[in-house]
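Please look over the sequence and structure first.

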Amino acid sequence: MDNICCIGHVTLDKIVTPQTTTYMPGGTSYYFSYGIKNLKNSANYKLITALAPSEYQSVEDMRSEGIHVEVIPSKHTVYFENKYGINQDERTQRVLAKADPFTVENLKDVRANYIHLGSLLSDDFSLDVIKYLSNKGILSVDAQGYLREVRSEKVFAVDWKEKQEALKYIHILKVNEHEAEVLTGFKEPEQAALKLAEWGVKETLLTLGSMGSLIYAEGKFYKIPAYLPKEVVDATGCGDTYSMGYLYLRSQGASYEEAGKFAAAVSTLKLEKSGPFSGTEEDIWNVINSNR
């Protein structure tokens, strides 16, 4: 049986700036998988993804790095276009193609200690899939995709229609402060976390950017510091990297607070470079130990 299984679409990302147009893989599963492969106890990790045959090279690249990847054929690959102006904060996003959603049937053999769903769009994983997988391992979900809906290629922010039913089956939920407010209506992180717990979440991971993160579990809050990066290079994939670090350490029996600090530290190291986390486990502990 796998220790950690991540399920999600590897995307094709088109990044357009005034100077260049770049094509590269992306998505939760991409940042999660490349990050965890550098850690000591990642041998029993598996990625399940769905993409079109035209993008299979990205899977072969992963396999050549020692990542165990299972592919579900899809008619299309999720294709994001991110267009930036001269000001990098000015971004327009389109979804030029969508992959097939994951189904109970094509996930029927999944079993792991921890299962992480890297949702990118609201229909990636149905309520039936969440219910089914909740019996196959400790279920972890990143809420981001459930709050994005595509209409005529444009991405719209939406609420998660089935949230109160779905959250009964989700053990670990990862949200940022904006997602938490959309889901619960509460701006204060503590209030949002309490509401999510009321709806059934056992461990809430609430990331707050430079303010650190907040974990709520078993009736107690854990305030996790944000470790100062040497420089800020690329925030893409930081949330996915946080989930990866947290599940990696929790799967080894670490406490909520210790896993949170590990997740925060690996996210800081990822922030310092473009692409997925590429350091070592020693690098992560060095960040934590130098900030005690």
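Lysine 108 is partly exposed, at 42% relative accessibility; here buried means under 20% relative accessible area, exposed over 50%, and partly exposed in between (1.4 Å probe, protein chains only). The model is predicted: local features need pLDDT of at least 70, side-chain atom pairs count only at pLDDT 80 or more, and totals for chains, interfaces and linings use all residues. Residues are numbered from 1 along each chain as its sequence is written, and side-chain values use heavy atoms, with hydrogens and water left out.

**Salt bridges**
- The whole structure holds 17 salt bridges, each a side-chain nitrogen of Lys or Arg within 4 Å of a carboxyl oxygen of Asp or Glu.
- Lysine 108 pairs with glutamate 105 at 3.6 Å, N to O. Glutamate 105 is exposed, at 54%.
- Glutamate 149 and arginine 151 form a salt bridge at 2.9 Å, N to O. Glutamate 149 is partly exposed at 22%, and arginine 151 is partly exposed at 40%.
- Lysine 187 and glutamate 181 form a salt bridge at 3.6 Å, N to O. Lysine 187 is exposed at 65%, while glutamate 181 is partly exposed at 30%.
- Salt bridges also link Lys14, Glu81, Arg94 and Glu153 in a network.

**Cysteines**
- The disulfide count is 0; a disulfide is a pair of cysteine sulfur atoms within 2.5 Å.
- The closest cysteine sulfur to that of cysteine 5 is in cysteine 6, 7.3 Å away, so the two are too far apart for a bond.
- Cysteine 6 is in no disulfide.
- Cysteine 5 is buried, at 1% relative accessibility. Cysteine 6 is buried too, at 0%.
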